[in-house]
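Here is a quick tour of a model you can follow on screen. Keep the viewer open as you read.

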Amino acid sequence: NYVGYLNHAEIEVCKSKGIFVSMIINGFSTFSTGLHRDQGLFIDTLRLLDAYLIPHRPHLNKLLELGVKAYELPFFCDPDIFKPIPAYQRIWDWKSPEFFFLGNIGKNSQTEYREEVLLSIAENHKVLTCCDFRLKHRNIDYFHPIKSLKIQNWLANRALINISFDYFPGI
């Protein structure tokens, strides 16, 4: 389930019941959040996680040194924009992709591994991409870049798994 915050006590309860707890960050807040009194408390909370998925390779070693089980996942998400919509608004779900990728693909520090990850996923799953670059693979469908956040959210809601939302259609 998605929650927009990290609560130390709730994570401890989940862990005591054997529940795997992971977190993926939104944007550029690898080392802090506005919900914790200080960075030390935030890092202590991160240490409780089974996995902390971050898009910033340069931050990975520091988090590992701090005892955080961090893993690089070169994707972002923005839960302030992308939210669940009611089933009655998700027409044509019977043709839904298994994975949906909304983002940019390129050769910079944040996006250079995305093409490789998407092609790997496509070996066994159907993927719909809405991005600046058309990937050539039998299991990858391409949707042209689109600026409407409403349509982007609708496409995201149709998929079983969404893997990126740092989309800048002008790039």
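## Ground rules

This is a predicted model, where local features need pLDDT of at least 70, side-chain atom pairs count only at pLDDT 80 or more, and totals for chains, interfaces and linings use all residues. Residues are numbered from 1 along each chain as its sequence is written, and side-chain values use heavy atoms, leaving out hydrogens and water.

## The parallel sheet

Three strands make an open sheet in the order S1-S2-S3, with parallel pairing. Strands here are DSSP runs of E with at least two residues, helices are H or I runs of at least four, and both are numbered from the N terminus. Two strands count as paired if DSSP finds at least two bridges between them. Strand S1 (22-24) and strand S3 (70-72) are the edges, each pairing on one side only. On average, neighbouring strands of this sheet are turned by 25 degrees against each other, direction ignored.

Strand S2 (residues 51-54) pairs with S3 over three bridges, and Tyr-52 sits opposite Ala-70 in S3. Helix H3 (residues 57-65) lies across S2 and S3, running at about 165 degrees to S3. Such angles run from 0 to 180 degrees between N-to-C directions, with axes fitted to C-alpha atoms, for helices over the stretch in contact (heavy atoms within 4.5 Å).

The largest nonpolar core has 13 residues, and Met-23, Leu-46, Leu-49, Tyr-52, Leu-63 and Val-68 have the most contacts inside it. A core like this is a set of buried Ala, Val, Leu, Ile, Met, Phe, Trp, Tyr and Cys residues joined through side-chain atoms within 4.5 Å. Buried means under 20% relative accessible area, exposed over 50%, partly exposed in between (1.4 Å probe, protein chains only).

Helix H2 (39-48), S2 and H3 each supply at least two residues of this core; H2 gives the most, with three. Apart from it lies another core, of 11 residues, including Val-127, Cys-131, Leu-135 and Ile-140.

In helix H4 (residues 114-122), the buried residues include Arg-114, Leu-118, Ile-121 and Ala-122. They sit on the same side of H4 because they cover an arc of only 100 degrees around the axis, taken from the directions from the helix axis to the C-beta atoms.

Asn-139 lies in the loop between strand S5 (127-131) and strand S6 (140-143), and is buried, with a relative accessible area of 12%. Its side chain reaches the backbone oxygen of Ala-122 at 2.8 Å.

Note on methods
Polar contact = N/O pair within 3.5 Å; in protein donor to acceptor, adjacent residues only side chain to side chain.
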